[in-house]
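Here's a quick briefing to read with the model open beside you. Take it topic by topic and find each residue as you go.

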Amino acid sequence: MRDLNGADPRRFGPYRTLAVLREAGTTRSYLARGGDGRTVTVTAAEPRLAAVSVFRSRFRQELAAAARLAGPWAQPVLDSAPDDPVPWFASPFTPSLSLAEAVALTGPLPEPVVRALGAALAETLERTRAAAGGAFQGLGPEVVLLAADGPRISAFGPLGAATAAAEGPGGGLAVTLGYLTPEQVAGHRPGPPADVFVLGTLLAYAATGTNPFDANDAGADPLDADHAGTDHAGTDHAGTDPADTGPAGADHAGARPVAGDVSGSAARHRAAERIARQEPDLASVPEELRPVLARCLAKDPAQRPEPSVLAAVLAPSGAAAAVSAGRLPARLTAALAEQASAVLGLEAREDLDDREEAVPAVPATPTVPDASPAAATGASPASEVGPAGERDVPPARPTTRRAAGPDRRALLTGVLSGAAGLALGGGVTAWATDDRPRPAAAGKPAARKPREPVPGVPPAALWAYDMPDTLFYGSPALHGDVLLLPGDSLVALDVRTGRELWRRKEPVDNASHPVRVDDELLVVLGVQGLLWRSVKDGARRHKVPYGQLLETGEDMSSTHLVARDGAVVWFKGNVEKAAGAGTRTDGADEKTITLFAYDVVRREPLWRRPLAEHEYVAWALPHRGLLVSSRDAPRPRDAKARKKQPEGLQEFYTLDRASGEEVWARTIDDLTVGSLPTLSGTGTLYAAQDRELRAYELRTGRELWRMRHASPDGRYGEPVLTGDTLYVADNDQVVYALDPVSGRQQWSRKTGFLDGVGSPPSVAVSASGAAVLSLDAVQVTAFAAASGERLWKFQAVGEQDTGGLEPYGLLTVDGICVVRYGRSFYGVPVE
């Protein structure tokens, strides 16, 4: 960290710069303060590169990639201005050292710290691969930061991690990467395994203080760009990938050392040759780490482990647990404490007179002595120690927002006191009290200590729980403050703490759809029948086998809850009538999907309705004494009329709630209802149709309004109506708030995930109505319902037994949303 000089900007947007934190190959990071008192890190492009169109294009791409990296080990972006004369983005600030600075200060890091670092970075690589599919190329010793509460990545791609960049011939961009991989030396495009190779190199460096491919060339820095390859970025209009790596050792304009430095070019060639042919030197790596790092550094990309496997090997209980158990060396914690103190001093001076134009001097920070352990191991020297990094501090349950200035001071003071305690031998764990969500041991998650929320930062889960059984099916349900999870067992959790209240395992009555009966009882639709249980302890109170709802010779399977309204549930099942018991004469069993209505309070059946072949009841909505659904529209007898009828046309129909008799049926325009529609209390039907979202008066079929998507491939998801606002998302990952009467758009915001891929996210609204939540296969994104401001993103952390990517699920109760991902559940605070 250094004072500002005459060439340093004094302001970026609403942020006033206080000091320079660190300077990288393509960017410079500043400590800055917003008008609201919040202290942030502003990362700005080098001015000489801002005018290069390819650089600016790549800057935007990597800024967009930050959303895909959202999680505990990557910096969130609070604000950005990619179109400013000097593009920049702002992130939360927390004292930190880069990996290169940390090794230079202390020498090799302890094995538990290396394991935690590796697991955290591997988890981030896994998220990147799942979201984007390609190589990340954003790792390097200068962009991997160590803070008191764990590591994080401060770059979002090869541009941010580059050690140098310059405009190349034809408007291209020559970018020098910090590390090469064997496939890049051979001239091939790097894929996701390249990131694992680079991570293995970084971990070997962290564990030994030296590059595993370093041959101790005279004057060579083991982490200098002289050992790196040069990434030659093409121009956008040429169609080349700005991250496409060219042949190793090629001298491109702007690479270090500059063209004409023969010794530097020769050093690059020698380094590339070692990476391609030489086995890594892992003799100084701790014995238990050698096998896994050797696999990471395999020449054949196919032999390297997947990031998820690597994370599991390095930290079987998850990166969060490893970070919690690890301890940073005392010299690092002391440097972090000194850095925190320096920032507090700058903030105090700023508070004395925030109109003062002169920038206060930065308190001096210690330099690495020549006799440091780093020097003995051949680590890179550093001219100064203590530059600040950026870190999102996970807050806990939001209650009320405080002024940003005092909050930041409290956070810095906490870092300062915790680090100082370690430096003095106080026995405090430096790498975080465990505020991150992780699967609970033995199904007994512990509550987290709350922290004040920092705007834009993902909330820390209050608790985490893994379903103990191998199967999970059906629908989770909330019964007041009791969360019910169906599967091989029916599990009840306290939704406020995640504590398991009870578990009932009865294989013959596998739970699938628990619903609330009253304050004391719930009913579960299982394999064999309806089962009433006590909410308090799960004890069985009553059971109705499905046989009591069937006729002689009938059997039922595959029951599924269709709808629920008050005391009545509607469910369907496959009813099979044995041969000889029905009307068939061919000796075959008769199978019919049948819809049942049942009063769970009075415990008596109301009616049953065998469904015709075209009445599959994919959805049903209770409405004013009716049950509304749709079915395939009947085909016209006239051939010309049949040809004109849209394929998949639906006929909407209603059943009398009391008797099951059909009341009316009609088609509405050309609706095919590909997703679940929404029905208002006044009878307005909202449905997504191809590129449109439409609103109709259900009773008459009269169109009220429609909204057409601008993209030819645009599709809307399931609309959600809450109060006087209709919410919906599209497959461009945009969430819309609409006036349900007119269809007028109130606001629209992007989730920050990939555009135009997969299905539209589902949308939910918090119990208070203050937050709108979008759920896709990678994250949960929260928006302020009133303004559309993006509040935060949440991602499950650690291993996920999901069999691949699947969308998040969510239930909301006052102050909490229960997030489901696979068989893991998280209690996340929400306004």
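**Aromatic pairs**

Phe794 counts as buried, at 3% relative accessibility (buried means under 20% relative accessible area, exposed over 50%, partly exposed in between, using a 1.4 Å probe and protein chains only). Before we go on: this is a predicted model, where local features need pLDDT of at least 70, side-chain atom pairs count only at pLDDT 80 or more, and totals for chains, interfaces and linings use all residues. Residues are numbered from 1 along each chain as its sequence is written, and side-chain values use heavy atoms, with hydrogens and water left out.

- The structure holds 17 aromatic pairs; rings of Phe, Tyr and Trp (its six-membered ring) pair if their centres lie within 6.5 Å, and planes under 30 degrees apart count as stacked, over 60 as edge-to-face and the rest as tilted.
- One of them is a tilted pair between Tyr546 and Phe571, at 6.0 Å centre to centre with 45° between the planes.
- Tyr546 lies in the loop between strands E22 (540-545) and E23, while Phe571 is in strand E24 (residues 568-577), so this pair ties together parts that are 25 residues apart in sequence. (Strands, E, at least two residues, and helices, H or I, at least four, are DSSP runs numbered from the N terminus.)
- Tyr826 is buried, with a relative accessible area of 0%.
- Ring pairs also link up into a cluster made of Phe12, Tyr15, Tyr30 and Trp88.

**Charges over rings**

- The charged end of Arg631 sits over the ring of Tyr653, 4.1 Å from its centre (this takes NZ of Lys or CZ of Arg within 6 Å of the ring centre and within 35 degrees of the ring normal).
- Trp532 has a charge over its ring as well: the charged end of Arg603, 5.8 Å from the ring centre.

- Which way does E8 run relative to strand E7 (residues 96-98)? The two run antiparallel and are joined by three bridges (strands pair if DSSP finds at least two bridges between them).
- Leu145 in E8 is the bridge partner of Ser98.
- E8 also pairs with strand E9 (residues 150-153), again in the antiparallel sense, over four bridges.
- Leu146 stands opposite Pro151 in E9, and a hairpin joins E8 to E9 through two residues.

**Positive phi**

- Most residues other than glycine have a negative phi.
- Ser558 is not a glycine, yet has a positive phi of about 55°.
- You'll find Ser558 in strand E23 (residues 554-565), and at 53% relative accessibility Ser558 counts as exposed.
- Asp690 has a positive phi as well, near 50°, and is a residue other than glycine.
- Look for Asp690 in the loop between strand E32 (684-689) and strand E33 (692-697); Asp690 counts as exposed, at 59% relative accessibility.
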